[in-house]
Amino acid sequence: MPTGFTPPVKDIRFALDAIAGLPSLTDSFPELTSDVATAVLNEAAKFAAEVLAPLNAPGDHEGNKKTTGGVVTASGFKDAYRRFSQAGWNGLTAPSAYGGQELPHTLGTAVAEMWQSANLSFALCPMLTQGVIEALNTHGSQEQKALYLPKLISGEWSGTMNLTEPQAGSDVGALKTRAEPVGDGTFRITGTKIFITWGEHDCSENIVHLVLARLPNAPEGTRGISMFLVPKILVNGDGTLGARNDVVCAGLEHKMGIHASPTCVMSYGEKGGATGYLVGSADKGMANMFTMMNGARLAVGIQGVGIAEAAYQKALAYAHERKQGRALGSRDRKESVAIIEHPDVRRMLMTMKALTEAGRALCYANAVAIDLALHSKDANEAAKARGQAELLIPLSKAWPTDMAVEVASLGIQVHGGMGFIEETGAAQFYRDARILPIYEGTNGIQGVDLVGRKLAQDGGAAVRAFIEEIAANAAALSKIDPLKDMGGALGQAVATLGKASQWIGGQLVAGRVAEALAGATPYLRMFATVAAAHYLAIGAKAANHSLTQLGADKAYLTARISVARFFAHNILPQVEGLLPAIMEGGAEVLANFPDEMK
Ligand SMILES: Cc1cc2nc3c(=O)[nH]c(=O)nc-3n(C[C@H](O)[C@H](O)[C@H](O)COP(=O)(O)OP(=O)(O)OC[C@H]3O[C@@H](n4cnc5c(N)ncnc54)[C@H](O)[C@@H]3O)c2cc1C
């Protein structure tokens, strides 16, 4: 059955090459040629469209079932997982020493976007496995890497992240799961974790859980957390599978969306203690998690871009099909036009498209900064990229996921009443998108991270450098005749961002932390909106330049300029309205929260 989803390979390639600067990674990744990137993107597009997308709506209807034997996934998921693994997709960015292809994270991000558009529920499984691979590769012992990485990379085993407990959500430091040393180098894990994505399922032969727990006498809070590897089935020294470990799925959550992704309550140690192995140093579990948090947060941002793209495509197709009303100025009462002819429908579609392309540009730019930070041979370049990657992470996680909810909602609106009817499929995108601003650090926590950590890092150096980069881009645009208007709008917006940054920085220096945090969410929105406009403008500049070249794809390039211009004039001006919310909103939020509202 046709799903109507066509992976946007051309847009993805444009964002990679003309905006994010994928070609700048070839020094660090010699095997990354343009042909390799093309082949990978085309193959991924085929798999996403032909294998994953057709399972999206049926998986949403069917969901998962908990049986005495475990969790049975929706029809077709097991086979799709087998094909996904056999095609090597788990290993795209994984270390070659353990069977991966070690291609840049940026290319992996672009490919992941297609999985997320096609089937968010399915794509969560490899996304979490990727996180486990990164964590073990960075913090695991040689023995752990040799035993677990090849099977995770081949997809024979999948991975999960176990942080959340009923009393420990955003406050991970409140977790209570215990790890008692057995005396033979292993630990006995006991406790309950909730909301564990793909915690139990029938697609892989084993599941490798990374579990945060406390050792006896560990310090309170996040300083006393350690990370443990707890396999569902114990692994013998020669890599063969042994006895079943003492960990079970105690229940499945009934959710608003992502119905085909099993969200599990995981019970460790009902029979005395699950066997766990310490990963990295004792009490350093939180720091270990942080090293892979960047990848995970960016991966969730890309989920937002993926859903937005899918919602846009569906709405666009409907707007061409659905006839309603007459053309403006027409006197013919019999002839109705497709709704795409109506200015307000066009406005909705253009908003969806601009937000999607902007989120993609922001996330890919973040991915390039991560790759350069980790792999550039030039120490100065790596250090600068590290600062920028860290700064962009809360923006890339929060903004595209908030936008995904907005875009999916607009998608329903474009469908009118049919959008509210489940069989259309527009509603699934909205329901699925709604988790994205919540997990992997709520978007409120991203605001706290931006203000509390990122603004202050290196005395504000990364923020200053980024603001200067955007101002220089605005000045350059202002000198290019057809892009002058965009340069003016970006210049004004970045000046406002500078003002807001200084104000928040001033509050922090003066010890008025609550005032600064009261404006953290509008500040993040402002920062990300300006950054997104900056990246779209880089694309518009490249498109404008290419237009003059022989054989240029004029219609496509002109459209990229149109999208950037639309963003600059319709969305970017929102930053001016956010300034009072940042600088003056806090007083109401903090001191004058009316008693009768408490
Ligand atoms: C479908 C689904 C899948 C999930 N998958 C996983 C998984 O695989 N592994 C895992 O470990 N967890 C997982 N989670 C858990 C998820 O990460 C948490 O739900 C999330 O971190 C928020 O925690 P909480 O639900 O306890 O909300 P709370 O922490 O109670 O937050 C409630 C509200 O208070 C705000 N808030 C809390 N503290 C602060 C603060 N200090 N400053 C400002 N605002 C604050 C939050 O932003 C939020 O708006 C999943 C959750 C769901 C629903």
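Predicted model: local features only at pLDDT ≥ 70, side-chain atom pairs only at ≥ 80, totals over all residues.
**A tour from the ligand to the aromatic pairs**

Next, display the whole shell of 19 residues around the ligand, among which Thr164, Ser170, Phe195, Thr197 and Thr442 come nearest. Its residues divide into ten nonpolar, seven polar and two charged. Colour strand S3 (157-162), strand S5 (187-197) and helix H12 (443-454), each of which supplies at least two residues of the shell; the largest share, three residues, comes from S5.

Now turn to the aromatic side chains, which form 13 aromatic pairs in the structure. Select Trp399 and Phe567, an edge-to-face pair with 6.1 Å from centre to centre and 65° between the planes, which links helix H10 (residues 379-415) to helix H17 (residues 554-571) across 168 residues of the chain. Both Trp399 and Phe567 are buried.

Move on to Tyr523 and Phe527, whose ring centres are 5.7 Å apart and whose planes stand at 70°, so this pair is edge-to-face. Both belong to helix H16 (residues 520-547), four residues or about one turn apart, and both are buried.

For the last two stops, select Phe47, Phe77, Phe84, Trp89, Trp115 and Phe122, which form one aromatic cluster, and then Arg560, whose charged end sits over the ring of Tyr556, 4.3 Å from the ring centre.

How values were computed
Residues numbered from 1 in each chain as written. Heavy atoms only, no water. Phe/Tyr/Trp six-rings, centres within 6.5 Å; stacked < 30°, edge-to-face > 60°. Buried < 20%, exposed > 50% of the residue type's maximum accessible area, 1.4 Å probe, protein only. Lys NZ or Arg CZ within 6 Å of the ring centre and 35° of its normal. Near = heavy atom within 4 Å. Nonpolar A, V, L, I, M, F, W, Y, C, P; charged D, E, K, R; others polar.
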